[in-house]
Amino acid sequence: MTQPQAIHWFRQDLRLDDNPALAQAVQQGVVLPVYILDDINSHEYKMGGASRVWLHHSLNSLNKSLQNKLSLFKGNPIEVLQHLCEKHHIKMVTWNRCYEPWRIARDTEIKTKLTGHDIQVISCNGSLLWEPWTVLKSNQEPYHVFTQFYRKGCLKTAPPRQPIEPVHVSAFKDSESLALEALDLLPRIKWDSQMLEHWAIGEEGAQESLQRFIEQGLSDYKKSRDFPALNYVSRLSPHLHFGEISPHRVWYSILQQENSKNREHYCSELGWREFSHHLLFHHQDLPSQNLQPKYDQFPWGDDPSHLKAWQTGQTGIPFVDAGMRELWQTGYMHNRARLIVGSYLTKNLRLDWRHGERWFWDCLFDADLANNAASWQWVAGTGADAAEYVRIFNPVIQGHKFDPDGDYVRHYVPELKDLPIQHLFSPWDASPEVLEKAGIKLGKNYPYPIVDFKTSRDVTVKMVEALDG
DNA sequence: TGAAATGTTGGGGCG
DNA sequence: ACGCCCCAACATTTC
């Protein structure tokens with residue numbers, strides 16, 4: 001059997017299309033493609049439950065694309081890689097860069113060690129349109145305002161590189177590879193089967209999602225993206241997180257479409273993903289520390305029953321509960337709902353955003369350290385948001401605006417489905433007759449609101465204002 | 001990627 | 001018929 005000439009270390013680039021580091025390895029000849037499950041270096045940001053399920057199926061899909069030649073390992077990557085290099089006399093290791101702080105630290109060390117053993121390491125850009133260190137203000141500082149970052153930063157520098165075509169890999173499998181099941185990524189209790197019905201995991205599924213979005217979603221994206229009952233969003237986030245499709249492929253596919261507000265708006269959403277990674281790169285403690293230090297003094301609440309109610313979709317606020325139940329049932333939540341549940345957790349329940357971050361980290365298929373941390377800090381008001389006022393979403397008004405027929409709430413909170421739209425988002429305001437007719441007994445089959453919206457809102461505003469005092 | 005308070009306008013009821 | 005008031009609907013300002 002032909003010996004492998006290079007190792008390609010797959011991480012968050014589980015694809016053959018537009019994979020620059022894999023293409024480098026392929027140029028050497030036969031490739032030993034590996035994935036190493038690293039729960040050793042990840043510390044407190046060990047992959048969550050939903051992500052592991054996704055990873056299991058994505059690896060399965062990638063392995064098939066590689067004629068079942070993907071080698072799987074578990075443990076400390078430096079040890080695995082050094083062992084494989086010695087065993088097969090390999091002189092080149094390639095990978096696409098990752099941007100989580102612990103991965104950067106780990107990869108830097110690995111690169112030094114391998115290079116010291118006379119092994120060439122090639123790292124490429126496979127996950128971001130703009131490297132975080134290339135987009136800076138004129139004073140060389142990182143950006144903290146999205147529109148400036150995107151318009152003056154990204155769009156004014158060199159455009160993203162063009163995607164490269166999928167490679168054909170002559171792959172070699174190592175004899176010590178683990179079976180996929182041995183990575184132990186699937187849950188003991190089979191909570192995942194219903195969630196998987198909503199997704200086609202893997203590179204092919206990612207391409208199909210992009211195609212569906214271009215054909216059915218893009219035409220009215222700007223307006224309809226905010227309506228969680230409609231399917232006008234791309235749902236590419238988990239595919240992008242695991243690198244089943246590259247943002248470059250997405251970017252240029254979208255730009256091939258007719259010029260429109262919709263097209264520009266979708267591209268700017270990819271810009272938000274870049275912005276999150278930019279913030280994380282320049283603020284390595286973004287996942288754990290308030291970006292605005294004044295919030296270190298903020299008196300977050302600590303009622304565990306409130307957190308539990310939020311997590312299980314039992315807050316008594318229909319739009320909030322719908323979002324949290326969508327998350328629990330599908331491993332995903334529509335962006336509009338994410339804004340509302342995030343605002344509610346941090347501004348009404350006044351619970352620390354890190355509780356929300358942790359819950360999303362465990363439940364979301366698209367859990368991504370940069371996006372999760374930056375978005376939670378944005379919604380909590382502790383992060384990079386240009387608004388100079390306290391932004392608090394009203395879940396009743398938001399319901400009428402963005403779920404005007406109530407389809408989203410009725411689907412995920414079926415106990416309220418017979419309520420007329422005027423009361424669907426605020427059942428506590430409905431008369432006893434209306435509630436009775438809809439079969440609702442507040443406090444029995446649907447909770448009373450666990451906190452009063454207006455009161456809790458006003459207290460939060462005062463507390464935030466006190467931070468400046 | 002907001003909401004609430006405040007301001008403006010115009011139609012209808014009514015003396 | 002006319003002016004006044006009320007208030008819904010919409011627009012603007014403020015936090």
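With 6 C-beta neighbours inside 10 Å, Gln140 counts as exposed. The cut-offs use C-beta atoms placed from the backbone: 20 or more others within 10 Å make a residue buried, 12 or fewer make it exposed, and anything in between is partly exposed. Gln140 sits in the loop between β5 (120–124) and α5 (146–153). Its phi is positive, about 70°, although Gln140 is not a glycine. Most residues other than glycine have a negative phi.

This is a predicted model, in which local features need pLDDT of at least 70, side-chain atom pairs count only at pLDDT 80 or more, and totals for chains, interfaces and linings use all residues. Residues are numbered from 1 along each chain as its sequence is written, while chains are lettered from A and ligands numbered from 1 in the order in which they are written. Helices (H or I, at least four residues) and strands (E, at least two) are DSSP runs, numbered from the N terminus.

Two further residues have positive phi. His43 lies in the loop between β2 and α2. Its phi is near 55°. His43 is exposed, with 9 other C-beta atoms within 10 Å. His89 follows α3, and its phi is also positive, near 55°.

Now the overall layout. Chain A is divided into domain 1 (6–126), domain 2 (128–161 + 204–282) and domain 3 (293–468). These bounds come from an automatic or database domain assignment. The centres of domain 1 and domain 3, taken over C-alpha atoms, are separated by 39 Å. Even so, 8 residues of domain 1 are in contact with 9 residues of domain 3. Contact here means that two C-beta atoms, placed from the backbone, lie within 7 Å. On the domain 1 side, the touching residues are 4 nonpolar, 3 polar and 1 charged. In this scheme Ala, Val, Leu, Ile, Met, Phe, Trp, Tyr, Cys and Pro are nonpolar, Asp, Glu, Lys and Arg are charged, and the others, Gly among them, are polar.

Turn to helix α3. Its 12 residues (77–88) should span 16 Å at 1.5 Å a residue, and the end C-alpha atoms are 16 Å apart, which agrees. The expected span is 1.5 Å times one less than the number of residues. Pro77, Ile78, Val80, Leu81, Leu84 and Cys85 are buried. They lie on the same side of α3, because they cover an arc of only 165° around the axis. That arc is taken from the directions from the helix axis to the C-beta atoms. An α-helix has 3.6 residues a turn, so residues three or four places apart point the same way. The cover over the buried residues of α3 includes β1 (6–10), β2 (31–37), β3 (71–74), β4 (92–96) and α4 (101–116). On the other side of α3, Glu79 and Glu86 are exposed.

Which residues of α7 are buried? They are Glu203, Ala206, Ser209, Leu210, Phe213 and Gly217. Their arc around the axis is only 120°, which puts them on the same side of α7. The face turned away carries the exposed residues Gln211, Glu215 and Gln216. Among the elements that cover the buried residues of α7 are α2 (49–65), α8 (221–224), α9 (237–241) and α10 (247–255). The 15 residues of α7 (203–217) should span 21 Å at 1.5 Å a residue; the end C-alpha atoms are 20 Å apart, which agrees.

Helix α10 has its own buried set: Pro247, His248, Val250, Trp251 and Ile254. They share one side of α10, because their arc around the axis is only 165°. Their cover includes α7, α9 and α11 (261–282).

Two last stops. Leu419 lies in the loop between α18 (407–412) and α19 (421–424). With 25 C-beta neighbours inside 10 Å, Leu419 counts as buried. Leaving aside neighbours within four places in sequence, Leu419 is in contact with Leu424, Pro427, Ala430, Ala438 and Ile440. Ala466 is in helix α21 (residues 453–468). Ala466 is exposed, with 11 other C-beta atoms within 10 Å. From Ala466 to Phe242 is 224 residues in sequence and 42 Å in space, C-alpha to C-alpha.
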